[in-house]
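These are my notebook entries on what I looked up in one structure.

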Amino acid sequence: MEFAKFKSKLPLILLIAFIIIVIAFPLVIRDRFVLSILIECGVYALFALAFAAVFRSGQLSLGQAGFMAIGGYVAALVATKAGFPFWLAMLVGGLSAAVIAFLIGVVVLRIKGLFYFSIATLALGEIITIIAKNWDSVTSGMTGIAVSAPVVNIGSIVINFATTKLPYYYIVLALVILFALVFWRIDRSRLGRIVRSQAVAPVISEHLGIYLMKYKVIIFTLAAFVTGIAGAFYVYYLSWVGPPLFSGAQSMGALMMCVIGGLWSPVAGPIIGAVLLTYLGTLMQIHLEGLRPLVFGVMVILFLFVLPNGLVELQVKLPLWIKGLFKNKSAVAKQ
Amino acid sequence: MALLELKNIKKAFGNVMALEGIDLEVNKGEIVGIVGPNGSGKTTLLHVISGYYHPTEGQVIYKGENISGLRPDKIAKKGIVRTFQQNIVYWDTVTLENVFRACYLSDKTNLWQSFWGTKPYVQEEMAKLAKAQDIVSTFGLSDYSMAMAVGLPHGKQRTLGMAMALAADPEILLIDEPLAGMDAGEVEIVLNSIRKIVDKGVTIMLIEHNIKSVMSICSRLIVLDFGHKIADGKPVEVMKRKDVIEAYLGVE
């Protein structure tokens, strides 16, 4: 009885332990390189979370990186031209991405069928990149915009982001935990149920009284907000924004992260996938430059064959595999 | 005044006229059967009433209000709910949750309350669950309530479709071929569940090919042929008419 109680609470205990480890990690291991990888992992975890939320509503957003670009550019512009403090610039970046997503969603999500939305978002992503490249007076073209690292005064303590990366780590960690909780809670609440219903069987949902577009737009807008914030944060972290940061390949990268992590889990899958692929990607940039697309492509294909529901499926499949392994061996021994 | 009134409904797909001016009235408490050969426009008629298609011409008047051209979800909200010819269920979950999700229209709390899991929301969800369980047992699906909906046998899936439609609290229920592909035992179960729906005061429009069952359950029969209404009246009288026999059963 006691053990059963413990077992039911085990996931929660593990989760809390994991969060404590993640919080303490950079204080114990003081390695700037590891820290920078972890921060990138956080950015892409936010990105993949948003991407997965849209996917779970039955839509494939191939231009999600466009919203990252909107968030990044808007944050950079309001920071450099209007002198916004960095948290406000991030918020404005996220909100402007959300507004654009809302306007596009209201038009495009009206059309039934998966492909129109995918094509429209794909085009959007490209359009934003082209605007960023060519609108010299605002975006400075390929040169991009340099953003100075923020200096924050909390009472008498002064945190200068230019001297240490630690604050970035904790900010992105807080953002990931916050939005992971939000998406987890949405998945458990009515919105998640409705969104899943309409993704699974749109026609019947509509005839049961659900206004499909409304909920798709809500999810799409929220996802764009999260993506925009991730973009704005990324720009602050790199102290620079330019067109190459947000190419269409990034959106594909988010799709790969979600496939490898697990498309059908709202939170764990995208985060695991994002961390794994970002880490592998950085390693490969050092040791196997140029092979990255090939390796990732092969990985995705392998996953679709072996673990079509991603790494999160391991918790179900691994025990079965191990069982099967022992069974085969004993069968061979009997012969 | 009739509960539902169709005035000169026409529906064209390009050059093909699927419905060529249908007029009909449905009164409260009736069970109206719609029969006719394949391609006579029965399902198109249902699509037009439920908002899946917009009529090319004519009006659908429900409780004195013109509802033609409204979105399906608006029409469902007004009290006209339908089932489908195919078995469509939420394949990602179990039977009970299928019916639970179909209770969407009884939601009163908003998404914000649901996000924070406030007390009114939780109470509402409990009430919905009780309602879903009630409907599941009414339709004899209790043994399957925790089974994945896609795994149900064909007959049970069709029953589930009706259970889900009933969960939306309709005043008029449009049922499209409830008995398609069922064996004798399943037919009896479905007919019984339709009688149970009627007992709840729901008006029913029913498309069905199984004439024997239609005759046994309907209070009125409408015959369609090539987009025209060729007969409308008491089932026994309608089935005696020569033109109906000609159109539907063929002549020697």
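**Entry 1: a hairpin in chain A.** I first looked up the turn between β2(A) and β3(A): the two strands form a hairpin with 2 residues between them, and A:Gly155 in that turn has a positive phi of about 60 degrees. The model is predicted; local features need pLDDT of at least 70, side-chain atom pairs count only at pLDDT 80 or more, and totals for chains, interfaces and linings use all residues. Residues are numbered from 1 along each chain as its sequence is written, while chains are lettered from A and ligands numbered from 1 in the order in which they are written.

I then recorded the pairing: β2 (residues 151–154) and β3 (residues 157–160) of chain A run antiparallel over 4 bridges. Two strands count as paired if DSSP finds at least two bridges between them. Opposite A:Val152 I found A:Ile159 of β3(A).

**Entry 2: chain A as a whole.** I noted 14 helices and 4 strands in chain A; helices (H or I, at least four residues) and strands (E, at least two) are DSSP runs, numbered from the N terminus. The radius of gyration of chain A, taken over C-alpha atoms, is 22 Å, close to the 20 Å of the globule rule (2.2 Å times the number of residues to the power 0.38) for 335 residues, so chain A is as compact as a globular protein of that length. Along the principal axes, its C-alpha atoms fill a box of roughly 75 × 55 × 45 Å.

Buried residues (20 or more other C-beta atoms within 10 Å of their own; exposed means 12 or fewer, partly exposed in between; C-beta atoms are placed from the backbone) make up 45% of the 335 residues in chain A. Of the contacts in chain A with a separation of 6 or more, 76% join residues 24 or more positions apart; a contact requires C-beta atoms, placed from the backbone, within 7 Å.

**Entry 3: the sheet in chain B.** Here I found 4 strands in an open antiparallel sheet, in the order β2-β1-β4-β5. Its edge strands are β2 (16–26) and β5 (65–66) of chain B, each pairing on one side only. Strand β4 (residues 57–62) of chain B is joined to β5(B) by 2 bridges, and B:Ile61 has B:Asn66 as its bridge partner.

**Entry 4: helix α7(B).** Which residues of α7(B) are buried? I listed B:Val190, B:Ser193, B:Ile194 and B:Ile197. The face turned away from the buried side carries the exposed residues B:Ala184, B:Gly185, B:Glu188, B:Arg195 and B:Asp199. The cover over the buried residues includes α6 (154–167), β7 (172–176), β8 (203–207) and α8 (211–217) of chain B. After α7(B) comes B:Gly201, with a positive phi near 85 degrees.

**Entry 5: the contact between chains.** I counted 22 residues from chain B and 19 residues from chain A. On the side of chain B that touches chain A, α2(B) gives the largest share, 4 residues.

Terms used:
Two residues are in contact if their C-beta atoms, placed from the backbone, lie within 7 Å.
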